[in-house]
Amino acid sequence: SLHGELVQTLPVGKINNIDIRQNILINGQYKDIAVASNRSNQSMSVFSINEFGVTKHLTDIPTDLNDVYGLCLYQHDGQLEVIINDTDGQFNRYQLTIDISDISAKKIDYFRANSQPEGCVVDDDTKRLFFGEESTGVWKMQLDNINEQPVLIAKAHAPVKPDIEGMGIYSIDGEKFLVVSSQGNNRFAIYRIDADNELLGVFEISANKALGIDGVSETDGIEVTSVTLGDRFPKGLLVVQDGRNVMPMAPQNFKLVSGEYLYDFITLKIRQLAQ
């Protein structure tokens, strides 16, 4: 829950990346669908989510990848697609079919990164795929046509540092910003993807000593939304995986950060650039 409470567990295997799309038309009804890369059986695990937030594991769809890793979804023209990668750099693009009698995927494209990728995100509105090559930087690829090739838009050099990991898109007044985990220096970078992919800056997530919450480090996956999520998160939410916890000492967990911090950081940087 948005209060950090565990409400459901699905023991389906070694899930790595996961993405969600809402209002998918299935057999005349609109459903929310989640898909995850499952490293236990090199598959794509498919889930449905009902109006109460209860998640159901529907099936695992096999891939021809050897070590599935990053994954993101792409929704367009009533169609849901899955983009999934392998630690060796291979990307597969699948067209997903979900109905009462059939849950399946058809591979419609593939391409490669030069080395290990992981996190990715698609801007459905502009048909842009963004993905990280951990040692190199951030790549962009148009999904309008099959056989397009990715373009490097941001190298991983100071103040950003490899590994490039999770990423998500945050919107302010119609402009979109790519938020990226710079795992190598425990920072998060923001790129102005509607304005020549300019790096606005980097930030860290520090400890909240009053609440006994430690700072964030060694972040792999992130998710971000600018949609209002009630009174606690009026400007959306940033969720980050925290790989090392010291207050108290504990395994990895997730930290919730109000989107107000993102909004203030981005708008401040834009004002500074305009001066």
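A residue counts as buried under 20% relative accessible area, as exposed over 50% and as partly exposed in between, with a 1.4 Å probe and protein chains only. By that definition Trp139 is buried, with a relative accessible area of 14%. This is a predicted model, in which local features need pLDDT of at least 70 and side-chain atom pairs count only at pLDDT 80 or more, while totals for chains, interfaces and linings use all residues. Residues are numbered from 1 along each chain as its sequence is written, and side-chain values use heavy atoms, with hydrogens and water left out.

**Aromatic rings**

- Rings of Phe, Tyr and Trp (its six-membered ring) pair if their centres lie within 6.5 Å; planes under 30 degrees apart are stacked, over 60 edge-to-face and the rest tilted.
- Six aromatic pairs are counted by this rule.
- Phe131 and Trp139 make a stacked pair, with 6.3 Å from centre to centre and 5 degrees between the planes.
- Phe131 is buried at a relative accessible area of 0%.
- Phe188 and Phe203 are also stacked, because their ring centres are 5.6 Å apart and their planes are at 25 degrees.
- This pair links distant parts of the chain, 15 residues apart: Phe188 belongs to strand β15 (residues 187–192) and Phe203 to strand β16 (residues 198–203); strands (E, at least two residues) and helices (H or I, at least four) are DSSP runs numbered from the N terminus.
- Both Phe188 and Phe203 are buried.
- One aromatic cluster is formed by Phe91, Phe111, Phe131 and Trp139.

**Charge over a ring**

- The charged end of Lys235 sits over the ring of Tyr263, 4.2 Å from the ring centre; the criterion is NZ of Lys or CZ of Arg within 6 Å of the ring centre and within 35 degrees of the ring normal.

- Ser37, in strand β2 (residues 29–38), is buried with a relative accessible area of 0%.
- Neighbours within four places in sequence aside, the contacts of Ser37 (heavy atoms within 4.5 Å) include Lys14, Asn16, Tyr69 and Ile84.
- Thr219 lies in the loop between β16 and β17 (222–225) and is buried at 3% relative accessibility.
- With the same exclusion of neighbours within four places, Thr219 is in contact with Glu165, Ser181, Gln183, Phe188, Val240 and Gln241.
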